[in-house]
Amino acid sequence: MTAAALAPSRSRLGVRIGLAALAVAAFSALGTPAHARGPEGIADVAEKVIDAVVNISTSQTVEAKGGGSNTMPQLPPGSPFEEFFDDFFKNRKGPGGSKGGDNSPPRKTNSLGSGFIIDTAGVVVTNNHVIADADEIHVILNDGTKIKAELVGVDKKTDLAVLKFKPTKPLVSVKFGDSDKLRLGDWVVAIGNPFSLGGTVTAGIVSAKNRDISSGPYDSYIQTDAAINRGNSGGPLFNLEGDVIGVNTLIISPSGGSIGIGFAVPSKTVVGVVDQLRQFGELRRGWLGVRIQSVTE
């Protein structure tokens, strides 16, 4: 009798527990994964702007210098080994059969960075350090098309540069947003060419604003934890509307890879610099006038 009376109660309890478990599972499926993967708009931003992000390839001729095993060690005057080493290094043949080992031919070095198209006429923004001292500059589009580019102008103090190339087909361009409207914790998207892996998309948040890291006279960086690595320099930092709110420029890393501390020049600074570089080929900063009065006046 007792057992028969308890059976329906256990059944109803089991149903309640089962419904509660289903509710928890449904809540977890809807809430947690979405929170873990960030805002849904990241994929839309990447799809919208990725064709406007380019790789920057440069080559530079470097004069070879004597060094390593071809450099004569510094010996005290009168050392018994001085005559031996002097004779050895003077008569030793270097590359190409030249004596002394210090007459190696010049060699070419290559480097890769990132940039982005701001005008469908073929105008690109990047970092100055990406193209500094380059003999040749090429822009590589997202589809792999490689086009020679010309330097329009640079500003070393803000580490910005503008390039120009002749498009061979219609281009996609991006526009600047207002970096002053950024808030701490806002989601941002970085796209670039880290370690020569072009078209790489990473996302993170704004970690700090107006960050001064003592790298120059115009320190006021956006700090982000979006993964930025070697090769990302000159690439754009986007907000979730697909507007450029910064140019990825620096990282802090003891290993050379991303540890979640990257810095971008804010668009508020970039816009003014780029406008002047396009107009004058250089930056024309204002002067504070001071009248020097003669002692005879």
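A contact, in this tour, means heavy atoms within 4.5 Å. The model is a predicted one: local features need pLDDT of at least 70, side-chain atom pairs count only at pLDDT 80 or more, and totals for chains, interfaces and linings use all residues. Residues are numbered from 1 along each chain as its sequence is written, and side-chain values use heavy atoms, with hydrogens and water left out.

**The whole chain**

Display the chain as a cartoon. The chain has 5 helices and 12 strands; helices (H or I, at least four residues) and strands (E, at least two) are DSSP runs, numbered from the N terminus. Of the 297 residues, 36% are buried. Buried means under 20% relative accessible area, exposed means over 50%, and partly exposed lies in between, with a 1.4 Å probe and protein chains only. Among contacts between residues at least 6 apart in sequence, 63% join residues at least 24 apart.

**The barrel**

Next, select strands S1 to S6. A closed barrel of 6 strands runs in the order S1-S2-S3-S6-S5-S4, with antiparallel pairing. The twist from one strand to the next averages 40°; axes are lines fitted to C-alpha atoms, for helices over the stretch in contact, and angles run from 0 to 180 degrees between N-to-C directions. Two strands count as paired if DSSP finds at least two bridges between them. Strands of a sheet pair through backbone hydrogen bonds, either parallel or antiparallel.

**A helix across the barrel strands**

H5 lies across S2, S3 (123–126), S5 and S6, and runs at about 50° to S6.

**Salt bridges**

How many salt bridges does the structure hold? There are 6, a salt bridge being a side-chain nitrogen of Lys or Arg within 4 Å of a carboxyl oxygen of Asp or Glu.

Select Asp 119 and Arg 278, whose closest N and O atoms are 3.0 Å apart in a salt bridge. Asp 119 belongs to strand S2 (residues 107–119) and Arg 278 to helix H5 (residues 267–280), so this pair ties together parts that are 159 residues apart in sequence. Asp 119 is partly exposed, at 24% relative accessible area, and Arg 278 is also partly exposed, at 39%.

Move on to Asp 143 and Lys 169, a salt bridge with its closest N and O atoms 1.8 Å apart. Asp 143 sits in the loop between S4 (136–140) and S5 (146–155), and Lys 169 in the loop between S6 (160–165) and S7 (187–192), so the pair ties together parts 26 residues apart in sequence. Asp 143 is partly exposed, with 48% relative accessibility; Lys 169 is partly exposed as well, with 36%.

A further salt bridge joins the side chains of Arg 183 and Asp 186 at 3.8 Å, N to O. Arg 183 is exposed, with a relative accessible area of 58%.

**A buried asparagine**

Finally, select Asn 248 in strand S11 (residues 244–251). Is Asn 248 buried or exposed? Asn 248 is buried, with a relative accessible area of 0%. Not counting residues up to four places away in sequence, Asn 248 touches several residues, including Asn 127, Ala 190, Ile 228, Phe 263 and Ala 264. Pro 236 is also one of the residues touched, and its backbone oxygen lies 3.2 Å from a polar atom of the Asn 248 side chain.

Conventions. Polar contact = N/O pair within 3.5 Å; in protein donor to acceptor, adjacent residues only side chain to side chain.
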